[in-house]
Amino acid sequence: MTRLVIVESPTKAKTISGFLPAGYKVLASMGHVRDLPESASEIPPAYKSKEWARLGVDVANDFAPLYVVSARKRKVVQELKEALKEAEELILATDEDREGESIGWHLLEVLKPKVPVRRMVFHEITKEAIQEALRNPRQVDMQLVRAQETRRILDRLVGYTVSPLLWKKIAPGLSAGRVQSVAVRLLVQREEERRLFRAATYWDLRATLIAPSQPDLPFEATLQSVGNVRVATGKDFDDRTGQLIKGRKVLLLDENAAKSLAERLLKGEWRVAELTERQQRQAPPPPFTTSTLQQEANRKLRFSAKQTMQIAQKLYEEGYITYMRTDSVHLSTEAIQAARRAILARYGEAFLSPKPRQYTTKSKNAQEAHEAIRPAGTHMHTAEQLGLRGDEAALYTLIWMRTIACQMADAQITALTAAIQVEDARFQANGRRIDFPGFLRAYVEGSDDPDAALQDRETLLPLMRIGDLLKCRQLEPLKHETQPPPRYTEASLVQTLEREGIGRPSTYASIISTIQERGYVVKQANQLIPTFTAYSVNRLLEAHFPDLVDTQFTARMEQTLDDIATGNADWLPYLKNFYCGENGLEKQVERKTQSIDPRELYALSLEPLKAHVRIGKYGAYLEQSADPEPLRATLPPDLPPAELNEVTARRLLQQKLSGGNLLGYHPQTGEPIYLLEGPYGKYVQLGEGDEESKPKRASLLKGMRAEDVTLEVALGLLSLPRELGLHPQTGKPISAGVGRFGAYVRHGDEFRSLTAADNVLTITLERALELLNQPKGASKARKRAAPLRELGAHPEDKAPIALMDGPYGLYIKHGKTNVKLPPEIKPETLTLAQAVQLLAAKGESNGKPKVKSPQRATKVDVPSEKPRKPKSKSKGAA
């Protein structure tokens, strides 16, 4: 008999196995084994006729959830049941947060163990931590389970109740979410601030000065005031008008005034009027929490929140870092001692803080695990010592540096200020001297290289005394323009969500991924740009369901959920108050379904043009009131809302009215040729025509820019497929064209793809013959010659698993099974465990296992019993 230990993932199972004594067997549940039904096909037959079955929650029966084991989890459940038959004890070793507690409870409900059950928790996977957890087991915490279940039900009620309204009133496929809709609103509000922003221009002067004591150290000073009147800066202007804020008594310089002032001041004497030095101490930041790790990894490493969590999950499961879902900044005594030993060995005693530092969590609704993210164990090994490479090494090093820095001495800095007087003008020079770097020697926020960052942070001024005469080497008038508020990055959005108490840090990565997948947000150059679809959905929710997108309402909701977890609030009255009754969400949606007029919904309005942006079947379009019918123009899919101004809108409408951008006329037929833009990108069109007359059209080639499209290029595109000549042996024509798989040459039924060096518009007959003489699939064969990466052997049949590159992109290959690599997984971070999971998911989605097992899995039916609610005590709990 064995003791069965269940964890969430194969990687975690493998790591834990190495720290357990003989007689223990570790298996993975692959996450949750059951959940609310995702589609109608998952609803058991006994419940399909129930009115509430689609929702998956029986509201009338105290919000009893309907849990089902999905098709892709039946094999996993069966394997766990078989293993449990041979076990004398069941140990639940799922993660120590609410989600992990819930997974453990669901395992109990599905497996129904008849042997003793223990719950073991740990925040790092080391030998010491695992053995300590075995010595101190506990029961499943039903308050945590109830809090997670309430959160899950609440998310389902919001999503499945409000989303159908969006489908009816705006467009199919849209969704609302308890947290995602608030995140979208934040992005839309910032984009709207940018759209309404009006830039202002102002001038000042910058002097390059030399002190007699150090002529080799020139320094810069900026104009502050003239005649005791402060010179205007960016903060003095109204963002909405671009004008000075009313009541500001400042001097606004234009170009002529700035140049005139510079000419006058160059003739004066420049003297040091004041010198000040201010001592500062800068303490190190606390160790990482989930949200601060996501923010810093985004700033320093340009990792997305999702990518950061995937890498951190792997580092945790392999035993390199502590649990990565935590709000706590607390460090254990052992961790502090390990960090201090590492500082002493690497930097010396001077860089050690006088006494150990402990930090207090300040974020709203802090909970989850009880220790910050840090290197696991008590040795503080570096990434090099552990043999880590690539993204794993980069993220681990970030965690290592932050942990080490938090136990280092304060940085000691002197802020230097020099006021320089010339005639009636006052200039100011600022400097910064690092007297002792302290923790900055190991870690500088936002910088990869602490040593380089130290140099960047230090700005020295020459030695000066009050009254010293300075030499002005250059006096430059400078033009400034106020800037709109910056768009959110993933880092700044996570920071705002946490500051406002919206959602849980452990869910931020999935929230940001979801709003991108739903088409609400586009990520460009690390900026999160809301789409017009986001504008339209947010407009409806703000007008008709203001609480759902109100940050304070959502924060209060989070606090209530946390109170449920600690036993300070009752879940059932809260759900009833939120969803039921005349003012509950259910009735609100029923009333709004009848009262909302879809024609009144638009993304935004351009009043001077009497135009609105609306969302249609093929995306966003501009609609202008006109007789006899409105004028509509498709908006470019990559146009940020903030950049849709009256000029752009007028141009798009005029282009639509005139038939598009006229490139010229066909030399034979005389028909006009236009460059147009549709929902799927730019294309050229021959003739006026419309959808009914089907004029000839051709899309621009991949990588082709609209500004490079001339009449000659358009004629070439419209001529495709074009005949190159006759084959010298068969006499049959050879042509070149573009198909669904790219550019090609054709001879009868023989096709060959063009290489990256070929151009379908200019390829010659000779080159086409050369390609046709190559064996069919030669280019693909070259690509297939070797896998990009060998991931390892499959744990069941020991056959190799490899990452390959094919005509449709990257994919995972195992025998005859191929599965496409999801875009959210980077090829360099793909692990064997992830590959096995993706292969298993594909096999189960096809209805049959792809890997032969020693014992055939029997079918596990979807549970059809009455929806279960958590019991006060789990069956079999020790």
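Predicted model: local features only at pLDDT ≥ 70, side-chain atom pairs only at ≥ 80, totals over all residues.
**Ground rules.** I number residues from 1 along each chain as its sequence is written, and I use heavy atoms for side-chain values, leaving out hydrogens and water.

**Whole chain.** I looked up the secondary structure and found 24 helices and 31 strands. Helices (H or I, at least four residues) and strands (E, at least two) are DSSP runs, numbered from the N terminus. The C-alpha trace spans about 95 × 85 × 65 Å along its principal axes. Of the 878 residues, 51% are buried (under 20% relative accessible area, with a 1.4 Å probe and protein chains only). I then checked contacts (heavy atoms within 4.5 Å). Among those between residues at least 6 apart in sequence, 67% join residues at least 24 apart.

**Helices α2 and α3.** I took α2 (residues 74-85) and α3 (residues 98-111) next; their axes come within 11 Å and cross at roughly 75°. Axes are lines fitted to C-alpha atoms, for helices over the stretch in contact, and angles run from 0 to 180 degrees between N-to-C directions. The two helices are therefore roughly perpendicular (65 to 115 degrees). From α2 I noted Val-77, Leu-80, Lys-81 and Leu-84; α3 brings Leu-107, Val-110 and Leu-111. By class, I have six nonpolar, no polar and one charged residues here. Nonpolar covers Ala, Val, Leu, Ile, Met, Phe, Trp, Tyr, Cys and Pro; charged covers Asp, Glu, Lys and Arg; the others, Gly among them, are polar.

**Helices α6 and α16.** I found α6 (residues 180-196) packed on α16 (residues 532-544) at about 110°, with axes 10 Å apart. This pair is therefore roughly perpendicular too. Residues that meet include Ser-181 and Arg-185 in α6, and Tyr-535 and Asn-538 in α16. The contact divides into five nonpolar, three polar and four charged residues.

**A four-stranded sheet.** I traced an open sheet in the order β20-β21-β22-β23, with antiparallel pairing (strands pair if DSSP finds at least two bridges between them). β20 (661-665) and β23 (696-699) stand at the edges with a single partner strand each, so one side of each lacks a neighbour in the sheet. Neighbouring strands are turned by 25° against each other on average, direction ignored. Four bridges join β22 (residues 681-686) to β23. Val-684 stands opposite Ala-698 in β23. Last, I saw helix α21 (residues 711-718) lying across β20, β21 (672-678), β22 and β23, at about 105° to β23.

Methods:
Parallel < 35°, antiparallel > 145°, perpendicular 65-115°, else oblique. Buried < 20%, exposed > 50% of the residue type's maximum accessible area, 1.4 Å probe, protein only.
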